[in-house]
Amino acid sequence: FGSARGDRSGWNRRRIRVRSSVEYDAICDVSVKSAKGGEERRVGDLWDVRSGQKAAVVFLTHFGDFTSWELGQQISKKISLFDEKDVPVICIGLGSVDNARKYSQLLSVNKSLVFADEPGNCHTALGFSKGLAPDADVNAYLKLLPMLAGIGSPGTIQEVLRGYTGDRRAKPIFTSPNMFDVLGTGYQRPFELATLRLGNMRSILQNWDELKPKETEQLTWQGGAIVFKGEDVIFKHVDTGILTYADVDKMLEAAASLTRANDTGDGGVIEAAAVPTEP
């Protein structure tokens, strides 16, 4: 807790300020630019912090990355559920305003939800991974190849394989009826996720010049996601590697719950503590 301070009235009343989270302190004064209007906004002003409003803040990778695309697609499907809970979704990606606008256009993501952090100040302040051998004087495109093979990118190989083998714990991607229904319904079928990724890859490559970040070193940077309640963190996920992004359903659950939790990135929760009252 912060120190008690006397106010300027003659009563010398004592006020106690609850210390904000480390994560909020790290990013609250960072400026990002809106994909909608291009204006600069302070991150701490993107939701009503003083009232304790909850906000799902997604730190995308660059706007031409598989991770950002899959997250954008999932968020678009679930945005109405966040809206029902009065929880704004804020997507902050690596790249320019033009990159952010193209990303929003291609994925039909509302531009008012998307913000560009061209220098990557949020990602740096939060200590997110910068990928394989970040200090090595090697072209980032060359670093991507071993990362896609899981080197310096924990969890990526498993996630790639899951796209081909399916996942009975995950929800289907495509709405029925579709060709994957021959393999059953109610779960993510073999090759279903891989098919989505193939389509994403085609779209990304066709629009690469308008999506890629100006700073090529950001091609290997990873992101994460935090659900805040005011200044407090009630959910946190840190990407360990390519395609190891946050589970949007868990973010939604956190937005509706009274628990604090950290997502491990592999579907588990490594820390959860009940809170008796909402902070």
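**View 1. The largest nonpolar core of this predicted model has 40 residues.** A nonpolar core is a set of buried Ala, Val, Leu, Ile, Met, Phe, Trp, Tyr and Cys residues joined through side-chain atoms within 4.5 Å, and buried means under 20% relative accessible area, with a 1.4 Å probe and protein chains only. The residues with the most contacts inside this core are F63, F82, Y103, V114 and M251, while the element that gives the most to the core is helix α9 (residues 248–256), with 5 residues. Helices are DSSP runs of H or I with at least four residues, strands are runs of E with at least two, and both are numbered from the N terminus.

**View 2. M251 and its contacts.** Apart from neighbours within four places in sequence, M251 is in contact (heavy atoms within 4.5 Å) with A56, V58, F82, A225, V227, F235 and A246. A second, separate core of 21 residues includes Y24, V57, F59 and I92.

**View 3. Strand β5 (residues 54–62) and the strands joined to it.** In β5, 9 of 9 residues are buried. Strand β8 (residues 224–229) runs antiparallel to β5 and is joined to it by 6 bridges, with A56 standing opposite V227. Strand β6 (residues 89–94) runs parallel to β5, and 5 bridges join the two; here I92 is the bridge partner of F59.

**Notes.** Residues are numbered from 1 along each chain as its sequence is written. As the model is predicted, local features need pLDDT of at least 70 and side-chain atom pairs count only at pLDDT 80 or more, whereas totals for chains, interfaces and linings use all residues, and side-chain values use heavy atoms, with hydrogens and water left out.

Methods
Buried means under 20% relative accessible area, exposed over 50%, partly exposed in between (1.4 Å probe, protein chains only). Two strands pair if DSSP finds at least two bridges between them.
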